[in-house]
Amino acid sequence: MSRAAVPFELLPGADDSPVILHVPHSARRIRPAVRAGILLDDTALVRELDHITDAHTAELAALAGDACAATPWRFVNRLSRLVVDPERFPDEREEMLAVGMGAVYTRTTHHRPLRAARTDPEPLLSDYFHPYARAMTAAVADRLAATGRAVILDVHSYPTARLPYELHGEGPRPPICLGTDSFHTPPELLALARGAFAECTETGVDSPFAGAYVPLEFYGTRPEVSALMLEIRRDTYMAEPGGAPGAGLTRLASALAALVDAVS
């Protein structure tokens, strides 16, 4: 099967590496059957993808991985988050349901209708969300079995200016936002991240985005699974919205590689 055909992909790293670079929001591809349920015309959809896609983060993770002493594993979503968002809770626990952006989005970044309000999310959850979750769970379990621990570094980006959908966007918007979880982000991991990025840019914590992704099977129960979300402000490496990458991409990839080496 070609890379273009797969909904997600696990790219193997070193046998002794505990690190998984998770890249959930870098793709723009939407399968035709899913596109049929989206209300936006083609021009509006392109613009929405510009706003919602974490552009070039898959390339960033690849560059970082190539520079590491021990190659990390990479789990990359090959479909747009407008298909499903694999990092949302699939039920009423998800606070983004308040703005129509749970696991299956019904509203856009600017509160426009994306899908019909009565859209049944279950077919998309069944076809895309749950298989993704199972595969990511298996990837983490494999690192636990091989190394006794797993370190998920969640690679994202975010816009320089707050978008209307953001629930907590009133705070600082540093070049690097480090999202933490009270159970799965040990102080040592946060300190290593601050140190790795200190030479190239400023970091902040949990603003404008907080939290870190851990598969639900391990969430809140397995301290051997640690996690940190890396939210990179887009003006540090690309033209917004949805433009080409710049020189900052290489600099940030080097910092990410330093973090991977430090936690490995």
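Leu-79 sits in the loop between strand E3 (73–77) and helix H4 (122–147). Helices (H or I, at least four residues) and strands (E, at least two) are DSSP runs, numbered from the N terminus. This is a predicted model, in which local features need pLDDT of at least 70, side-chain atom pairs count only at pLDDT 80 or more, and totals for chains, interfaces and linings use all residues. Residues are numbered from 1 along each chain as its sequence is written, and side-chain values use heavy atoms, with hydrogens and water left out.

Is Leu-79 buried or exposed? Leu-79 counts as buried because its relative accessibility is 3%. Buried here means under 20% relative accessible area, exposed over 50%, and partly exposed in between, with a 1.4 Å probe and protein chains only. Leaving aside residues up to four places away in sequence, Leu-79 touches Pro-7, Ala-27, Arg-29, Arg-31 and Tyr-128; contact means heavy atoms within 4.5 Å. Leu-63 is 16 residues from Leu-79 along the chain, and their C-alpha atoms are separated by 20 Å.

Now the sheet. Seven strands form an open sheet with mixed pairing, in the order E1-E3-E2-E4-E7-E5-E6. Two strands pair if DSSP finds at least two bridges between them. At the edges are strand E1 (8–11) and E6, each pairing on one side only. Neighbouring strands of this sheet are turned by 20° against each other on average, direction ignored. Helix H6 (residues 248–263) packs on the sheet and touches strand E2 (19–23), strand E4 (150–158), E5 and E7. The direction of H6 makes about 165° with that of E4. Axes are lines fitted to C-alpha atoms, for helices over the stretch in contact, and angles run from 0 to 180 degrees between N-to-C directions.

Next, strand E5 (residues 176–179). In a regular strand the side chains alternate between the two faces of the sheet. Both faces of E5 are covered: Ile-176 and Leu-178 on one side, and Cys-177 and Gly-179 on the other, are all buried.

Which strands does E5 join, and how? E5 runs parallel to strand E6 (residues 203–205), with three bridges, and antiparallel to strand E7 (residues 225–233), with four bridges. Cys-177 stands opposite Gly-204 in E6 and opposite Glu-231 in E7. Gly-179 stands opposite Met-229 in E7.
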